[in-house]
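The following account is intended for a reader who meets this structure for the first time. Please keep the sequence and the model in view while reading.

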Amino acid sequence: MTTDPALHPGEAPTAFLDVRDLRIHFPTDDGLVKSVDGLSFQLEKGRTLGIVGESGSGKSVTSLGIMGLHTVGQYGRGKARISGEIWLDGKELMTADPDEVRRLRGREMAMIFQDPLSAMHPYFTIGHQITEAYLVHNSGADKKTARKRAVELLDRVGIPQPDRRVDDYPHQFSGGMRQRAMIAMALVNNPELLIADEPTTALDVTVQAQILDLIRDLQKEFGSAVIVITHDLGVVAELADDILVMYGGRCVERGPAEKVFYEPQHPYTWGLLGSMPRIDREQTERLIPVKGSPPSLINVPSGCAFNPRCPYADLPAGGVTRTERPELRRVLGGSPAAAGGGGHWSACHLPQEERTRIWTEEIAPKL
Amino acid sequence: MFAYIVRRLFAVIVMLLVVILVTFGIFFAIPKFTGSDPALMYVGKQADPAAIEGIRQKLGLGKPILEQFWNFVTGLFTGRDYVSTGDSVHCPAPCFGYSFRHESPIWPELTSRLPVTLSLAGGACVLWVTGGVLTGVVSALKRGTVWDRTAMTVALSGVSLPIYFTALLSLAVFKYKLGWVGGEYTSFADDPGSWFGGLILPWVTLAFLYAAMYARLTRATMLEVLGEDYIRTARAKGLAEPVVIGKHAMRSTMTPILTVLGMDLGALVGGAILTETAFSLPGLGQAAVAAINERDLPMILGVTLITASAVVFANLVVDLLYAVIDPRVRLS
């Protein structure tokens, strides 16, 4: 029973980025780790999708999967097993020639990584690392042009004295400046898809806000599609038009940001919202943690992956949460489907009226 | 960068002084404390008392230790005279000591043997670095495959087999049985062809041992580096895999290899004792063995000083290369 509109295998999509039934599994000595297990979503240019979830929910694995980074440089044993379809601008990447995908990387799709210190090569200058990204995709360009481009971008992302700092090494930059340089490196070829994997996690709070502002401004300026991967709902609230909540390698809720924030339809999303500190309101209650720990991705619980931690697991009749995996279903009522996200979807066995009741009566008043 | 070089050079001078002090201490001062007579050790137990007394005077063993040390150090730079009643020998600078057994200064003996050892160490080094690093990189990229397992098993045997075994085995097979190579050591200046022919077997034997270690080190380092975030970034930029490996990963992999190379090369210049003995190469290692057998203390002291200096200089070169490779070293 598939109710997800994303699934029309083989058929070219209308969306700019269309990920269909993506599965990324890693064989290990302990068993098959199902990091991503049937994920589908679409994204249009000019919009930002926030992928949220706790550690091990498959967010980063998804982003590396879109970039095709699970299939290059995986030497020897332990190769990732990937299936599904990834359509970028009308091209299917999973079946494409690896060298063709390589040429797309860094040009049409680029990535900003979590920790800019470890993500930059310590032995090469910032300028060298940026020009390298430029030159590999502009074989006609000379080094002088590339350097000019690097200085221009460093200036754009707010590095003071860019023509001098371009020759610095990563360790001579502060954390925030390194992340700015990392963003400059990602933007050097005007990518149409930008993936930011926990772009602010390694930075201190004041710098976080600056970097988020920068990403938002740049998106407006370049009109790219942006995926922001984070465990921080604050980041998502700041940037995202649409939100996808991941749990145990699957999507449990997806929809326009305002829907997911104000009318969430999944108990896990409630848990995330309950554990988020708010400074815009008087905090009367303590934060409510999501009890338990993330599911093992090797022995994923049968039925709903969230049921061992779900406070409402016993509500559906016949204990169906433990035997049947809930499919994504469109949330009925409310406003019609928002652009790009294709409406509000949630994967829960609880009847929708019950969830709406629990949210409005039990959860929302406490937040 | 300039300040860094000056700092390193200064450190080298201090290190060399410490080396001389310690070496001198071991050979001259310690016997004094332990009660054994250095002069006796110089001339051998059968010498008559007059000869022993002559040596004692020549070496100035009656003088305070500090004065002896001073004479030794100045001798290195200006040369010195060993004087006893009615007898005097001159040892020109740099005077590393005077062998009373062979009645000649140490330095010319050392310098005549140094090219042999340098040829051996240098040639073997080229072989083992190329072989070891290449094997290690390929093993890392083909981790877990038949190639990797075979290469690492061969490497393990290379590390485990003692040099006197592989040396004698290769001599037995390639020289005596097949007659492919052989001949005495010939200096490069005399005849490059026979120089090469005489050294190829020692090179391969010595390189096999070291290449094995370097292959394992390279493999482990490369695997670690390949897991680094910046390698993922390089791929995310769209760089082709040969560039990712050859440029980004190799640059970081070289650092630990260089460290070990500095120490190994330095130690080898002091003489690959087993290799030189097995292949009858007239190098420093052989001189050291002969000197120990003859209790020729000044010669042992000379070889020790050369070895220690070689290690210090090799490490200086490594430190300078570090600075070239790693900007954090250069700029800190």
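In chain A, His25(A) stands opposite Lys34(A) of strand E2(A). The model is a predicted one, in which local features need pLDDT of at least 70 and side-chain atom pairs count only at pLDDT 80 or more, while totals for chains, interfaces and linings use all residues. Residues are numbered from 1 along each chain as its sequence is written, and chains are lettered from A and ligands numbered from 1 in the order in which they are written.

Strands, like helices, are DSSP runs numbered from the N terminus (E, at least two residues, for a strand; H or I, at least four, for a helix), and two strands pair if DSSP finds at least two bridges between them. A hairpin of two residues leads from E1(A) to E2(A). E1(A) is also joined to strand E4 (residues 81-88) of chain A, through seven bridges and again antiparallel. There, Asp18(A) has Trp87(A) in E4(A) as its bridge partner.

How confident is the prediction for chain A? The average pLDDT of chain A is 86, and 89% of the residues score at least 70; pLDDT is the predictor's confidence in each residue, from 0 to 100. Over residues 337-341 of chain A, however, the pLDDT is below 50, although this stretch has 15 contacts in the model beyond near neighbours in sequence. A contact means that the C-beta atoms of two residues, placed from the backbone, lie within 7 Å. Where pLDDT is low, the predicted coordinates should not be read in detail.

Chain B comprises 14 helices and four strands, and its C-alpha atoms fill a box of roughly 80 × 55 × 40 Å along the principal axes. By an automatic or database domain assignment, chain B is divided into domain 1 (2-95) and domain 2 (111-331). The centres of these two domains of chain B, taken over C-alpha atoms, are separated by 34 Å. Where they meet, 13 residues of domain 1 of chain B are in contact with 13 residues of domain 2 of chain B. On the domain 1 side, helix H1(B) supplies the largest share, ten residues. By class, that side has ten nonpolar residues, two polar and one charged. Here Ala, Val, Leu, Ile, Met, Phe, Trp, Tyr, Cys and Pro count as nonpolar, Asp, Glu, Lys and Arg as charged, and the others, Gly among them, as polar.

The two chains also touch each other, with 27 residues from chain B and 27 residues from chain A. H9(B) gives the most to the chain B side, six residues. That side of chain B holds nine nonpolar, six polar and twelve charged residues.

The largest nonpolar core has 167 residues, and Ala184(A) and Val245(A) have the most contacts inside it. Such a core is a set of buried Ala, Val, Leu, Ile, Met, Phe, Trp, Tyr and Cys residues joined through C-beta atoms within 7 Å; buried means that 20 or more other C-beta atoms lie within 10 Å of a residue's own. Helix H8 (residues 192-226) of chain B contributes the most to this core, 17 residues. Leaving aside neighbours within four places in sequence, Ala184(A) is in contact with Ile130(A), Leu153(A), Leu154(A) and Val157(A).

Key: Buried ≥ 20, exposed ≤ 12 C-beta atoms within 10 Å, placed from the backbone.
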